[in-house]
Amino acid sequence: MTDDPVMKFADKMSYTDYLGLDAVLTAQHPRTDQHDEMLFIVQHQVTELWMRLALHELDAARSAIAEDRLRPAFKMLTRVARIFEQMNAAWDVLRTMTPSEYTRYRDALGQSSGFQSWQYRLIEFTVGNRNEAMLGPHEHRPDIVEKLRAELARPSLYDTAIGCLARAGFDVPETASHPDDRVMTAWTEVYRDPETHWPLYELAEKLVDFEDYFRRWRFNHVTTVERVIGFKRGTGGTGGVSYLKRMLEIELFPELWHLRTNL
Ligand code: HEM
């Protein structure tokens with residue numbers, strides 16, 4: 001058998017066409033001639049692409065959970081955790097950039113900052129961490145505000161998981177501010193008797209797994225930021241490391257963490 005690769009694409013769809021690579025690979029626009037600015041741009045863009053896929057999976061996982069189709073949801077949530085693993089590993093590339101190198105082009109960023117990543121906010125909103133103030137930076141972009149508001153109007157991934165508890169007969173509120181006692185009691189029961197409640201137990205562990213990777217992402221971010229800018233203010237206007245350290249306290253699924261103390 002011989003290889004017979006296709007060599008002519010004048011009238012066929014090629015790899016470049018299918019993947020829209022003309023758009024992707026011409027979207028890097030360094031504002032300076034500093035060597036490391038390309039790394040900074042590509043690193044953010046790659047992360048935004050992984051976030052795009054994470055949102056696709058989280059949304060589908062939520063729909064599956066709402067219909068009690070837990071197995072496909074587990075598969076998708078596992079994929080999301082793996083995506084976050086990639087986003088976590090990516091920090092190793094950015095860490096090769098020193099403060100001396102970053103300072104050479106930092107001014108060119110102006111006020112732009114990951115703080116304005118609407119996909120990051122959409123992930124937070126989707127899983128259940130909903131702070132409307134985060135719509136602020138997007139006011140000048142009604143299309144983005146609409147996406148974020150549409151998400152706020154839907155039950156979050158966590159609310160949807162709690163809906164599963166309700167359908168399984170647990171006494172839990174339809175909407176709650178977390179941590180909530182009844183939700184806590186229900187998940188505790190699940191963890192006390194996994195054999196009886198295996199699908200719910202597995203669902204809870206998939207959520208915890210996702211949050212575990214998300215926490216590592218936040219930790220890697222703040223550590224890299226400290227390594228690169230120390231305690232300077234952020235380009236987005238926050239205190240910088242002090243703000244990011246506060247964000248380490250966020251609990252996406254608080255009851256799932258708190259119940260562990262009682263087992
Ligand atoms: C040298 C590299 C980096 C530095 C110095 C840095 C710095 C900062 C700082 C100081 C903040 C707080 C907001 C502000 O005042 O600007 C922030 C927020 C943020 N950054 Fe970065 N960052 C870096 C790399 C990245 C990368 C690669 C991503 C990937 C997309 C990213 C995504 C974010 C996100 C999503 C936030 C919002 C976090 C939140 O509100 O909880 N950052 N960054």
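1. In this predicted model, G240 touches V225, I229, F231, K232, R233 and G234, leaving aside residues up to four places away in sequence. Glycine 240 is located in the loop that runs between α11 and α12 (241-247). The C-alpha atoms of G240 and I229 are separated by 8.6 Å, the two residues being 11 apart along the chain. G240 has 20 C-beta neighbours inside 10 Å and therefore counts as buried, since the cut-off for that class is 20 or more.

2. Helix α11 spans residues 198-229 and contains H221. The UniProt record, an unreviewed entry, carries the annotation "binding site" at H221. This histidine counts as partly exposed because it has 19 C-beta neighbours inside 10 Å, whereas a buried residue needs 20 or more.

3. Helix α11 also packs with helix α10 (residues 181-192): the two axes come within 9 Å and cross at roughly 110°. The helices α10 and α11 are therefore roughly perpendicular to each other, and their crossing is left-handed. On the α10 side the contact is made by W187, V190 and Y191, which meet L200, Y201 and A204 of α11. The residues of this contact divide into 6 nonpolar, no polar and no charged.

4. H44 has 15 C-beta neighbours inside 10 Å and so counts as partly exposed. R106 has 18 such neighbours inside 10 Å, and therefore it too counts as partly exposed.

5. Helix α3 (residues 37-66) and helix α7 (residues 118-127) form another packed pair, with axes that come within 10 Å and cross at roughly 25°. It follows that α3 and α7 are roughly parallel to each other, the limit for that description being an angle under 35 degrees. The crossing in which α3 passes α7 is left-handed.

6. Which residues of α3 and α7 meet? On α3 they are E48, M51, R52, A54, L55, L58 and D59, and on α7 they are Q119, Y120, L122, I123, T126 and V127. The residues of this contact divide into 8 nonpolar, 2 polar and 3 charged.

7. Is α7 largely enclosed by the rest of the structure or largely open? Helix α7 is largely enclosed, because 7 of its 10 residues are buried. The buried residues of α7 are W118, R121, L122, I123, F125, T126 and V127. Among these, L122, I123, T126 and V127 also take part in the contact with α3. The cover over the buried residues of α7 includes α3, α8 (142-152) and α9 (157-167).

8. One backbone detail concerns the end of this helix. Just after α7, G128 takes a positive phi of about 135°.

Definitions and conventions:
Residues numbered from 1 in each chain as written. Predicted model: local features only at pLDDT ≥ 70, side-chain atom pairs only at ≥ 80, totals over all residues. Axes fitted to C-alpha atoms, helices over the stretch in contact; angles between N-to-C directions. Helix = DSSP H or I, 4+ residues; strand = E, 2+ residues; numbered from the N terminus. Parallel < 35°, antiparallel > 145°, perpendicular 65-115°, else oblique. Left-handed = near helix turned anticlockwise from the far one by under 90°. Contact = placed C-beta atoms within 7 Å. Nonpolar A, V, L, I, M, F, W, Y, C, P; charged D, E, K, R; others polar. UniProt positions renumbered as here; feature names shortened; annotations may be inferred. Buried ≥ 20, exposed ≤ 12 C-beta atoms within 10 Å, placed from the backbone.
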